[in-house]
Amino acid sequence: MDGVEEEDTEANAPSVIDRYYTRWYRADMKGKPCEDHCILQHSNRICVITLAETHPVLQNGRTIKNINYQISNGCSRLNNKVSGKSKRGGQFLTDFAPLCRITCTDETEYTIYSCIRGRLLEVNENILETPALLLGKPSTEGYIAVILPKFEESKSITENLLSREEFESVVSKRSVAQSQPS
């Protein structure tokens, strides 16, 4: 009897992401329909940028051809180096700063943005070698980047973001609008 209860508890236990992070969303990034981003905010104010489940890269069985952190000739997110307690040297990002560009095998290209202001701590170099991580585990091993907002702004960064409930409402309205004939 105890073995059954243990299995039941493990199956119902929340994941590490659900337990320690708050999910925030930015829908239709820069006015592009369905290009949704997810921000996982930890209680220590660190934010992990991921793709929302509804992002086109994760839909329709797409496969990734290339992920590029080279934003322009003079700016590569891979050159970001931070040091010390206050994370000196990290690139400062605005809400709409591009983090990377993802090219799918059907040649569609998507730019992934930071969604929040803060200092870039790390980009996920693992997805460069194994793009399937981004498709299979977008909110864990397939994350895009880690950003640390300024302490003074850590409470206000979520003002322009949607909660999970608000995001689900946006997605359901979107699917109703798409299913209605024009």
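Two strands count as paired here if DSSP finds at least two bridges between them; strands (E, at least two residues) and helices (H or I, at least four) are DSSP runs, numbered from the N terminus. What you're looking at is a predicted model, in which local features need pLDDT of at least 70, side-chain atom pairs count only at pLDDT 80 or more, and totals for chains, interfaces and linings use all residues. Residues are numbered from 1 along each chain as its sequence is written, and side-chain values use heavy atoms, leaving out hydrogens and water.

**View 1. Strands β4, β8 and β9 make up an open sheet.**
The three strands sit in the order β4-β8-β9, with antiparallel pairing. At the edges are β4 (64–68) and β9 (109–113), each pairing on one side only. Ignoring direction, neighbouring strands are turned by 20 degrees against each other on average; such angles run from 0 to 180 degrees between N-to-C directions, along axes fitted to C-alpha atoms. In a regular strand, side chains alternate between the two faces of the sheet.

**View 2. Here's how β8 meets its two partners.**
On one side, β8 (residues 98–104) pairs with β4 in the antiparallel sense over four bridges, and Ile102 in β8 stands opposite Ile67. Four residues lie between the strands of the β8 and β9 hairpin, where Glu107 takes a positive phi near 70 degrees. As for β9, four of its five residues are buried, and buried means under 20% relative accessible area (exposed is over 50%, partly exposed is in between; 1.4 Å probe, protein chains only).

**View 3. The largest nonpolar core has 31 residues.**
A nonpolar core is a set of buried Ala, Val, Leu, Ile, Met, Phe, Trp, Tyr and Cys residues joined through side-chain atoms within 4.5 Å. Ile102, Leu134 and Ile144 touch the most other members of this one. Elements giving two or more residues to the core include β3 (47–51), β10 (118–123), α4 (132–136) and β11 (145–148), while β8 gives the most, with four. Nonpolar side chains tend to be buried together in soluble globular proteins. Zoom in on Leu134: leaving aside neighbours within four places in sequence, Leu134 is in contact (heavy atoms within 4.5 Å) with residues including Leu51, Leu58, Ile67, Ile102 and Ile144. Another core, of eleven residues, lies apart, with Val48, Leu121, Val146 and Leu148 among them.

**View 4. There are zero disulfides in this structure.**
A disulfide would be a pair of cysteine sulfur atoms within 2.5 Å. Cys38 is in none, and its nearest cysteine sulfur, that of Cys115, is 9.2 Å away. Cys104 has its closest cysteine sulfur in Cys100, at 11 Å, so that one is too far for a bond. With a relative accessible area of 1%, Cys38 is buried; Cys104 is buried too, at 1%.

**View 5. Arg174 sits in helix α5 (residues 164–179).**
Arg174 has a relative accessibility of 14%, so this arginine counts as buried. Not counting residues up to four places away in sequence, Arg174 touches Ala27, Asp28, Cys34, Asp36 and Thr54. Its side chain makes a polar contact with the side chain of Asp28 (2.9 Å). That term covers N or O atom pairs within 3.5 Å; within protein, one must be able to donate a hydrogen and the other to accept it, and residues adjacent in sequence count only if both atoms are side-chain atoms. For a sense of scale, Arg174 and Gln59 are 115 residues apart in sequence and 15 Å apart in space, C-alpha to C-alpha.
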